[in-house]
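Here are a few friendly notes to read alongside the model. Keep the 3D view open and find each part as you go.

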Amino acid sequence: MTTKEKGFSTSAIHHGFEELEQHGSLIPPIYMTSTYAFKNVEQGAARFSGEEPGHFYSRISNPTVEILETRFAKLEKAEACVAFASGMGAITSVLWTLLQSGDEILIDKTMYACTFAFMQHGLTKFGINVTQVDMTNLDDLAKALLSKPKLIFFETPTNPNMRLIDIKLVNAIAKEQNTLVIVDNTYATPYLCNPIELGADIVVHSATKYISGHGDVIAGLAVGSHETMQRVRLEGLKDMTGAVMTPLTAHQLMRGLKTLNLRMQKHCENTSIIASHLATHPLVEFVYYPGDTNNPYHLLASEQMRGFGGMLAFTLKSKSKNKLQTGIQMMNQLKMIRLAVSLGDAETLIQHPASMVHSACSPEERQKQGIDDGLVRLSIGLENVEDIWNDLKQALDKAGN
Ligand code: 4LM
């Protein structure tokens, strides 16, 4: 036996579960229970007060969900994790825990539309000042941080236009002002990037995406210090959102985690091939993909990520029609690739942010976020890459005529 730290794949399969303590069951049992019986009143009181560890109601914790939380914290190199009913459940529970009216927060200029809506249209109703700043511009960020905001929030890579933010540098500037840093790591996953290792305080995920990987659950995860995650569990989750993950979802996510490494490798490989094919097609104007050596974020992606991920976006050229119309025509010609929102599934998914995921933002907001109305987003799946390209190519060829 060696005490050497286990690798990512081993931890994703084994961490946090002892089969022999559970009748030798290879797979963690799914504890489908809402409540837990106490030996006596004293034990109930001790569980409620936190004096005695243990479960007392499944809105707060559950043994199956706890195994997932322990395992995911390990993969994200964090002290603790809390699981949620959705990515939005994770984001809202974390922010409701940390903020109070009068606080100021900084958010990056581009992000998933519902996160943006929660910040700009939701939090602002409760007296929280939300300022957008381009976090790829460190001078602008440093200036904005002088007012000592409570926290900053960003995604990297950003949804949908693949900007990358330097987690290490942003953290260094934020720490000077005692500002908390929250990173949405949904696009990269812990397989490709660990923001905590680069100094972030809290990392949130839509586990609906790559962590599940099979398009059959809605789920969220947040990681951070023991102290902060305990607050998030007992304030944000228990009392404010109630966005609790079911034990069945935790089971599905643990199944997904076992192949996260293999799936991410294939997503990365297929995406790199599709990005280079797209770049040579005469109808394609620009491919947003950090794996491209000419991409402005290529160097940062090479340093900060262990691969370039499974997402890309592109715009099309247009002769007579406008770019948006050409994109719509192209997407309507696809035969295998599914026209659907969400990402990280085995199936290749395509969507048009301006009319779908980012339609919740006004045209002005989209423009401010740098989201071109002609932008098309692709989540590259695990199909044979030649089939993905053949489908895209026939659709591009038809739209170009
Ligand atoms: C989509 N995204 O882009 P739940 N953070 C990021 C996301 O992309 C999403 C969430 C959080 C998409 C959903 C329709 C970076 C979602 C929110 O959907 O609440 O698990 O995650 O297509």
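This is a predicted model: local features need pLDDT of at least 70, side-chain atom pairs count only at pLDDT 80 or more; totals for chains, interfaces and linings use all residues.

1. Start with strand β12, residues 376-379, which is covered on both of its faces. Val-376 and Leu-378 lie on one side, Arg-377 and Ser-379 lie on the other, and all four are buried.

2. Five strands make an open sheet with mixed pairing, and their order is β8-β9-β12-β11-β10. At the edges are β8 (284-288) and β10 (338-339), each of which pairs on one side only. As background, strands of a sheet pair through backbone hydrogen bonds, either parallel or antiparallel.

3. Which strands are joined to β12 by bridges? One is β9 (residues 311-316), which runs antiparallel to β12 and is joined to it by 4 bridges. Here you can find Ala-313 standing opposite Arg-377 of β12. Another is β11, also antiparallel to β12, with 3 bridges between them. In that pair, Leu-349 has Ser-379 of β12 as its bridge partner.

4. Strand β11 (residues 349-351) and β10 run parallel and are joined by 2 bridges. Leu-349 of β11 is the bridge partner of Arg-338.

5. Next, have a look at the ligand. There are 18 residues around the ligand, and those that come nearest are Asn-159, Asp-184, Thr-208, Ser-342 and Arg-377.

6. Some ligand distances are worth checking on screen. A ligand nitrogen is 2.7 Å from an N or O atom in the side chain of Asp-184. A ligand oxygen is 2.9 Å from an N or O atom in the side chain of Ser-206. On its own the ligand has 490 Å² of accessible area, and the protein covers 91% of that.

7. Ile-30, Met-32 and Leu-248 make a nonpolar patch of about 280 Å². Where is Met-32 found? Met-32 sits in the loop between α1 (8-14) and α2 (41-49). Met-32 counts as exposed because its relative accessible area is 60%, and the cut-off for exposed is over 50%.

Technical notes:
Residues are numbered from 1 along each chain as its sequence is written. Side-chain values use heavy atoms; hydrogens and water are left out. Patches are made of residues with over 30% relative accessible area and no salt bridge: like charges are joined within 9 Å, nonpolar side chains (Val, Leu, Ile, Met, Phe, Trp, Tyr) within 5 Å. Accessible areas come from the Shrake-Rupley method with a 1.4 Å probe; for residues, only the protein chains shown count as cover. A salt bridge is a side-chain nitrogen of Lys or Arg within 4 Å of a carboxyl oxygen of Asp or Glu. Buried means under 20% relative accessible area, exposed over 50%, partly exposed in between (1.4 Å probe, protein chains only). A residue is near a molecule or strand if one of its heavy atoms lies within 4 Å of it. A polar contact is a pair of N or O atoms within 3.5 Å; within protein, one must be able to donate a hydrogen and the other to accept it, and residues adjacent in sequence count only if both atoms are side-chain atoms. Two strands pair if DSSP finds at least two bridges between them.
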